[in-house]
Amino acid sequence: MDTPEQETFRDSIGTVTKEGNRAWVYPKKPSGPYYDKRKLVSYALLAFLVLAPFIKINGNQFLLFNVLERRFNIFGFPFWPQDFYLFVIAMVIGILFITLFTVGFGRIFCGWICPQTIFMEMVFRRIEYWIDGDRGKQMRLDRQPWNAEKIRKRVIKWSIFLLISFLIANVFLAYLIGSDTLISHIKDGPLDHLGTLFPLLIFTGVFYFVFAWFREQVCIIACPYGRLQGVLLDTKSIVVAYDHKRGEGENGRKKFRKNEDRQALGHGDCIDCLQCVNVCPTGIDIRNGTQLECVNCTACIDECDHIMESINLPKGLIRYASENEIEKKEKFKLTLRMKGYIAVLTILIGFLIGLLALRSDVEATILRLPGQLYEHKEDNVISNVFTYKLVNKTSKDIENIGFKLRNYEGIINLVSANEKFDVPGQGLSEGTLFIEIKQGDLRGDKNKLTIDVYSNEELIETTTVNFLGPRSYK
């Protein structure tokens, strides 16, 4: 284990020098089985991220987060402000899901799924390797004066970074304002929609700043998820770990020498080649143990396995493992805490599915007009005035809407020329109506009425209102 002198790395992050300056990270280009699998996952997720706002299901955008107009589509299901409770439950499920994975598998989300890591490692860094070269060439290029070669490479790289940031900003806007609106604004020209152009330029600048300069600092400094590891991880969590028992041996690490019997000399399998450090995108030494900066990207696993193969030693010196597996040879199993998370997650998912199944396509709200009591009309008829609002959560028009009383004999009159009306797709209709009931049919001064909403004589929604009448004295 590390001595206090060896643990000085915990006093500061690895991307800041002792003088407080930025320590730029030049990771070696990774390669290996894990990296190949990450590429497949990353490009599949990139395709999903780019295409999701342009996919339609029943006329609804697959994913939409229009905060300004309070319209949300999740997997093609439209959600309105009235469905906010469903959105909250879905968010809680997402947080619990990430928490469960963190307890069980550490920061695996960051290394395999997080958009920041995918864009940084699978898009921008790969372009950087293509233009500037691998680790050594990048370091030499940064140190050399601004000659023709350096200017040419910098202009090409920064121009491509800016173009990709602009494309990412467009996709980001498609999630916020809708793909149809975005395409319409592009066709009309940017000067006709300055309210869209300015946010687009701001987002482009933010993405360019993040991926061209801030880079791994997002994961280390800005993202709060890394801090959760200290709370959620325990000795049973599977993380990218260095097997210090095997790597250090009795007499510590030693550089590799051909035909030397390392085991007889008491040295571990780690040959101190530093390749696991050179390939790390956040610039840490995984041999120091689990650290805040580690995003579980597996680059060090691939690199170490390659070194072990080249010197005829077993692979797995760095691998997915728990502290208990390294220390006590205990295999992974579900802990009581994980079982608790799974139980709560299962209940919440079942609850959400049930609510979605019961969710109607139309949300009807009928409220008594504020400040109005009741009106006494001819033939001993009592009248109340109400406002109604109908929200159509589908993309299709709902036609010939009408209201009927269920549990009382009475009349519903709309304050409009037509007795029936339509509600446009993903729109709403609102107005005023009168309900008239004979006083003899009332059961007191407060009566709960059930109102059925019909479309083409088909029941689509039910709501209730309080109907006021004269107080009876016996």
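Predicted model: local features only at pLDDT ≥ 70, side-chain atom pairs only at ≥ 80, totals over all residues.
## Overall form

The protein has 16 helices and 16 strands. Its radius of gyration is 32 Å, whereas a compact globule of 474 residues would have a value near 23 Å. The C-alpha trace spans about 110 × 60 × 40 Å along the principal axes.

Of the contacts with a separation of 6 or more, 67% are between residues 24 or more positions apart.

Buried residues account for 45% of the 474 residues. The accessible surface is about 26,300 Å², and carbon and sulfur atoms contribute 60% of that surface.

## Aromatic pairs

A pair of aromatic rings is described by the distance of the centres and the angle of the planes. The structure holds 21 aromatic pairs. One of them joins tryptophan 146 and tryptophan 158: the pair is tilted, at 6.4 Å centre to centre with 50 degrees between the planes. Tryptophan 146 sits in the loop between helix H5 (135-143) and helix H6 (148-177), while tryptophan 158 belongs to helix H6, 12 residues apart. Tryptophan 146 counts as exposed at 51% relative accessibility, and tryptophan 158 is partly exposed at 37%.

Phenylalanine 172 and phenylalanine 203 form an edge-to-face pair, because their planes are at 80 degrees, with the ring centres 4.7 Å apart. Phenylalanine 172 lies in helix H6 and phenylalanine 203 in helix H8 (residues 194-214), so the pair ties together parts 31 residues apart in sequence. Phenylalanine 172 is partly exposed at 33% relative accessibility, and phenylalanine 203 is partly exposed at 22%.

How values were computed: Residues numbered from 1 in each chain as written. Heavy atoms only, no water. Helix = DSSP H or I, 4+ residues; strand = E, 2+ residues; numbered from the N terminus. Rg over C-alpha atoms; globule rule 2.2 N^0.38 Å. Buried < 20%, exposed > 50% of the residue type's maximum accessible area, 1.4 Å probe, protein only. Contact = heavy atoms within 4.5 Å. Areas by Shrake-Rupley, 256 points an atom, 1.4 Å probe, with all protein chains shown as cover. Phe/Tyr/Trp six-rings, centres within 6.5 Å; stacked < 30°, edge-to-face > 60°.
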